[in-house]
Amino acid sequence: MVEGSFDDAINGVVGVFHTASPVMATLIDPSIKGTMNVLKSCSKSSSLKRVVVTSSCSAVRYRYDAQQVSPLNESHWSDPEYCKSYNLWYPYSKTLAEEQAWKWAKESGIDLVVVNPSFVVGPLIAPYPTSTLLMILGIVKGMRGEYPNFTVGFVHIDDVVAAHILAMEESKASGRLICSSSVAHFSEIIEMLKSKYPSYPFEKKCGDQKGDNNPHSMDTSKIRQLGLPAFKTIPEMFEDCIKSFQEKGFL
């Protein structure tokens with residue numbers, strides 16, 4: 001959070017990845033200030049060729065007309081006022097952080113490419129589940145009391161990694177890149193998983209959060225035209241996720 005703290009780390013490198021922030025409402029300021037601190041350090045480096053920032057489809061899909069203007073593409077932005085009206089602070093912070101990143105990149109001449117992944121699913125990489133995987137684990141084990149009233153795109157972690165590498169290495173990559181497989185409501189995910197894993201006590205009640213369940217679709221033609229292979233399907237990514245939970249003793 002201290003300005004200039006990334007100067008030494010970035011000096012002499014040719015590329016910088018600034019990856020995702022945790023999904024927590026309390027991290028609005030850290031999300032924005034952290035991104036800006038990295039970009040300010042990048043602007044001081046004479047060796048730097050490109051910066052790739054991980055934003056989110058949360059900076060794309062939260063808008064009153066999401067269904068009407070779907071499929072949503074890189075030109076669409078979440079509406080901060082919509083986010084505030086439903087207390088959706090994660091998409092609010094991601095939208096403001098990305099807007100600030102683009103403003104700074106334009107002013108400083110940084111070659112910036114932004115990857116906008118949807119809800120990331122797949123096997124555990126770290127020893128302990130991330131916040132999104134903890135949500136899935138809690139739903140499968142029936143420990144949350146309800147499942148979220150989400151209609152959201154899902155994407156396999158392998159596809160997100162491949163998208164970031166493509167964003168850094170492909171000279172034609174530019175602007176925003178939506179990275180998402182199919183869109184589904186969490187009730188559909190649970191029904192799919194229950195048919196394959198009937199022994200688990202899945203959540204049965206849907207939450208009453210509003211503003212997060214707008215039907216929509218995502219246009220991923222831009223990143224696919226750059227050469228990203230076909231996205232893994234929802235069944236594939238959740239199978240990898242559940243298998244990983246089982247192998248690591250979480251299920």
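Why is strand E5 (residues 151-156) largely enclosed by the rest of the structure? Six of its six residues are buried, so the strand is largely enclosed, where buried means under 20% relative accessible area with a 1.4 Å probe and protein chains only. Thr151, Gly153 and Val155 cover one side in this sense, and Val152, Phe154 and His156 are likewise buried on the other. The model is predicted, with local features needing pLDDT of at least 70 and side-chain atom pairs counting only at pLDDT 80 or more, while totals for chains, interfaces and linings use all residues. Residues are numbered from 1 along each chain as its sequence is written, and side-chain values use heavy atoms, with hydrogens and water left out.

Strands (E, at least two residues) and helices (H or I, at least four) are DSSP runs numbered from the N terminus, and two strands pair if DSSP finds at least two bridges between them. E5 runs parallel to strand E4 (residues 119-121), to which three bridges join it, and Phe119 has Phe154 as its bridge partner in E5.

In the largest, of 27 residues, Ile136, Phe154, Phe186 and Phe238 have the most contacts inside the core, and E4, H6, E5, H8 (186-196) and H10 (234-247) each give two or more residues. Apart from it lies another core of 17 residues, among them Val113, Val155, Ala163 and Cys179.

Key:
Buried < 20%, exposed > 50% of the residue type's maximum accessible area, 1.4 Å probe, protein only. Core = buried A, V, L, I, M, F, W, Y, C linked by side-chain atoms within 4.5 Å.
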